[in-house]
Amino acid sequence: MKRSLIIILAFLPVLTFAQTSKPADLVEYINPLMGTASKPSMSNGNTYPAVAVPWGMNFWTPQTGKMGDGWQYTYDADKIRGFKQTHQPSPWMNDYGMFSVFPETGKVVIDEDKRASWFSHKAETAKPYYYSVYLADYDVTTEITPTERTANFRFTFPKSDSSHILIDAFDKGSYVKIIPEKHEIIGYSTRNSGAVPANFKDYFVVYIDKDFTGDIWHDKDIEENALEYKGDHAGAVISFKTSKGEQVHMHVASSFISIEQAELNLKRELGTDSFDVTEQKAKAVWNKTLNHVQVEGGNIDQMRTFYSSLYRMLFFPNRMYEVDAKGQIVHYSVYNGKIMPGYLFAGTGFWDTFRALYPFLNLVYPSIVKEMQMGLVNDYKEGGWLPEWSSPGYADCMVGNNSASVVAESYIKGLRGYDIETLYKALIHDANNTGPNAAGRIGVDYYNKLGYVPYDVNIHENAARTLEYAYDDFSIYTLGKALGKPASEIDIYKKRAMNYKNLFDPSIRLMRGKNKDGSWETPFNPFKWGDAFTEGNSWHYTWGVFQDIQGLINMVGGKQNFVAKLDSVFTLPPIFDDSYYGFTIHEIREMQVANMGQYAHGNQPIQHMIYLYGYAGEPWKTQYWARETMNRMYRATPDGYCGDEDNGQTSAWYVFSAIGFYPVCPVSGQYVLGAPLFKKITVNLENGKKLIINSPKNSAENKYVNTMTYNGKPYDLNWVNHLALMQGAVINMDMTAKPNKARGIKDADIPFSLSNEK
């Protein structure tokens with residue numbers, strides 16, 4: 001079976017019209033190499049093949065890049081340096097809690113450049129639950145299969161009197177101890193990329209099912225007959241003889257708490273399971289998780305792209321908590337360095353993921369979101385702030401106070417059973433203070449006094465901050481209202497939710513930086529990236545009014561002008577001004593080469609824009625552009641994304657759009673309708689209900705919604721309600737090749753806007 005088949009999805013032919021039935025294993029559609037053909041100047045995803053289970057504490061990946069390089073696996077590489085435990089959310093954030101293992105034969109080679117082995121994708125199998133590759137220089141095949149906190153390795157060696165496995169604990173402070181009589185190596189790595197306490201360690205235990213001799217190595221030198229070392233860069237070499245085709249098994253576990261906890265994790269999660277049993281269990285976990293969303297009636301490439309995207313959505317934020325000897329949930333606090341009770345998660349940037357990733361989890365996997373909300377409570381109690389980018393602690397990255405959206409949305413959408421009062425307190429606190437790194441609000445005093453963060457006070461990306469703070473204020477207001485807080489407390493946030501208006505220049509009908517004295521930023525170029533904005537320009541951020549699109553329509557001059565403005569994004573040439581950065585950042589280049597005008601789908605600020613036509617009575621244009629973007633910007637190949645994948649967000653846009661709707665304003669509790677990609681979609685909700693979307697006439701040509709029924713009744717609204725969907729629903733769409741321009745055009749059909757709130 002798969003042991004003898006060489007599987008690499010990148011080389012499969014494009015089948016445009018062939019239909020396929022759903023296989024027994026949805027996980028087999030996934031290509032973990034999607035998005036791995038990336039580099040700093042051009043991102044096609046910036047992903048790596050994560051061998052893990054959904055939301056696992058640890059992932060494993062082949063390491064082609066140098067130790068410490070965020071680009072740890074790139075498709076165009078031809079050598080592997082090690083197999084690395086990783087927690088990396090993106091190459092730009094880099095890694096923490098890492099160490100690697102690597103098999104060799106012949107003379108021991110420590111230096112990572114010299115030890116690296118040639119490999120080929122033709123002799124590589126990448127699955128979410130299983131990875132295999134042939135290391136040509138050593139004639140060794142390495143296989144990996146995961147659990148949440150452990151991994152099972154199987155090495156197939158040639159006949160050799162000198163076979164080895166290297167354990168590399170990395171530099172910046174590490175420790176290893178070899179215990180031959182127990183077939184064990186224990187140790188820790190402190191290597192990280194910041195945002196951790198001084199006592200941060202990733203403890204590990206490695207068990208080999210074969211007698212061996214061992215030597216310590218450090219700083220590229222082997223210290224023979226030594227079994228323990230603590231210093232800058234510690235490693236171990238274990239050596240043994242092997243016969244041709246002999247399989248050596250290795251169990252690996254880690255812990256952020258202690259070596260003893262790592263051993264407990266190993267015993268609890270792997271026990272005596274064979275490699276094949278571990279693989280079967282991991283595969284079953286993936287299929288169970290994926291089967292919450294079943295799609296049918298698409299071509300093979302669409303199926304692969306859908307489930308490969310869904311795979312990327314099921315990693316971050318990842319668990320950082322563990323289960324102690326008493327069976328209690330505990331975690332190492334990345335804020336105070338202590339072992340604390342309860343849940344903790346890490347590895348996500350809310351600037352990216354509040355938009356679609358968290359809304360999808362709230363719809364399909366609310367039980368894990370409940371754990372995440374409990375984790376946010378602990379973030380606040382232990383660190384004094386909610387994180388805006390956790391990697392694993394308060395990482396200094398991106399703008400906004402979007403934890404407000406993540407907290408408010410889950411409660412508005414029905415999640416209960418966690419300390420929402422503490423989280424509400426945290427939102428009020430963070431909205432009115434500037435915290436460490438990206439926590440809280442930079443420029444908050446200006447924002448609260450003037451209604452915007454000024455351009456001329458040395459606060460970069462000021463307009464972007466203002467727009468996002470306004471949406472975050474709407475989130476706080478909405479949550480406060482749901483919690484029954486008094487108007488005297490929450491009305492200020494409703495008022496501030498309208499602060500976006502302070503940056504709208506009516507003379508050009510675009511958002512623009514504004515100086516402290518109220519004058520406009522001058523000179524102004526709407527095609528200038530950065531400066532007042534974050535990784536985008538005015539044409540991208542003008543649409544960042546999630547909470548009040550109607551208010552934006554009014555300022556632009558009505559629906560007709562608004563639609564014309566939306567259309568302009570696609571018809572303008574992809575010109576740009578990169579003077580703020582001094583070079584063309586990869587996000588700019590990805591917009592330029594996409595041939596979609598100023599539409600920059602590879603970055604988050606504009607990803608919702610396509611769905612705004614439904615607010616202005618022309619929903620068929622949403623249907624057209626959503627299908628175009630799905631077809632042109634995504635494919636389950638190494639170059640399959642159009643920019644950074646970003647912790648599930650860019651994938652979540654595709655998955656939502658393929659289902660047929662998108663959360664423009666997550667806290668509103670509504671999804672704005674587009675059109676489904678598949679003939680039938682079944683969402684198996686955790687409460688036992690089903691959401692079924694049927695569009696039997698759906699095809700490449702029939703991409704427009706002619707008519708729609710919701711639970712058997714005609715439905716012309718351009719949105720659906722989350723709480724209603726959670727009760728189960730059957731949506732039938734009659735698809736045609738020509739748009740129905742008489743549907744969804746009434747004022748009553750448009751989605752929520754704060755200006756229309758009664």
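This report walks through some features of the structure above, which is a predicted model.

Leaving aside residues up to four places away in sequence, Leu310 touches Leu290, Val293, Phe360, Tyr365 and Val655.

## Aromatic rings

Across the whole structure, a search finds 52 aromatic pairs. Take phenylalanine 102 and tyrosine 138: their ring centres are 5.7 Å apart and their planes meet at 85°, so the pair is edge-to-face. Phenylalanine 102 sits in strand β4 (residues 99-105), while tyrosine 138 belongs to the loop between β7 (131-135) and β8 (140-146), so that the pair links parts of the chain 36 residues apart. Both phenylalanine 102 and tyrosine 138 are buried.

Which residues do ring pairs link into a cluster? They are Trp55, Phe360, Tyr365, Tyr611, Tyr634, Tyr641, Trp653, Tyr654, Phe656, Phe661, Tyr662 and Tyr671. Two of these names have come up already as contacts of leucine 310, namely Phe360 and Tyr365.

Charged side chains also meet rings. Arginine 496 lies over the face of tyrosine 493, at 5.7 Å from the ring centre. Lysine 514 lies over the face of tyrosine 452, with 5.5 Å to the ring centre.

## Helix α7

At 1.5 Å a residue, its 18 residues should span 26 Å, and the end C-alpha atoms are 25 Å apart, which agrees.

Is α7 mostly covered or mostly open? It is mostly covered, as 13 of its 18 residues are buried. Glycine 384 follows α7, and its phi is positive, near 90°.

Helix α14 (residues 549-556) has six of its eight residues buried, so it is largely enclosed by the rest of the structure. The buried residues of α14 are Ile549, Gln550, Gly551, Leu552, Ile553 and Val556. Their cover includes β27 (504-505), β28 and α15. Just after α14 comes glycine 557, with a positive phi of about 115°.

Leucine 510 is in strand β28 (residues 510-511), and it counts as buried at 4% relative accessibility. Not counting residues up to four places away in sequence, leucine 510 touches Leu503, Phe504, Asp505, Pro526, Ser538, Trp539, Thr542 and Lys565. Alanine 564 is in helix α15 (residues 559-571); with a relative accessible area of 39%, alanine 564 is partly exposed.

Leucine 510 and serine 333 are 177 residues apart along the chain, and their C-alpha atoms are separated by 44 Å. Alanine 564 and lysine 758 are 194 residues apart in sequence and 28 Å apart in space, C-alpha to C-alpha.

## Cysteines

How many disulfides does the structure have? The count comes to zero. Cysteine 397, for instance, is in no disulfide: the nearest cysteine sulfur belongs to cysteine 642 and is 19 Å away. Another cysteine, cysteine 665, counts as buried at 2% relative accessibility.

## Details of the backbone

Two cis peptide bonds can be pointed out here. One joins serine 391 and proline 392, with omega about -10°; proline 392 is in the loop between β26 (389-390) and α8 (403-412). Another runs from threonine 522 to proline 523, with omega near -5°, and proline 523 lies in the loop between β28 and α13 (538-541).

Positive phi values also turn up outside glycine. Lysine 172 has a positive phi of about 75° and lies in the loop between β10 (160-168) and β11 (174-179). With a relative accessible area of 57%, lysine 172 is exposed. Asparagine 225 has a positive phi near 70°, and its place is the loop between β15 (221-223) and β16 (228-231). At 72% relative accessibility, asparagine 225 counts as exposed.

How values were computed. Residues numbered from 1 in each chain as written. Predicted model: local features only at pLDDT ≥ 70, side-chain atom pairs only at ≥ 80, totals over all residues. Heavy atoms only, no water. Contact = heavy atoms within 4.5 Å. Helix = DSSP H or I, 4+ residues; strand = E, 2+ residues; numbered from the N terminus. Buried < 20%, exposed > 50% of the residue type's maximum accessible area, 1.4 Å probe, protein only. Disulfide = S-S within 2.5 Å. Expected span 1.5 Å × (residues − 1). Phe/Tyr/Trp six-rings, centres within 6.5 Å; stacked < 30°, edge-to-face > 60°. Lys NZ or Arg CZ within 6 Å of the ring centre and 35° of its normal.
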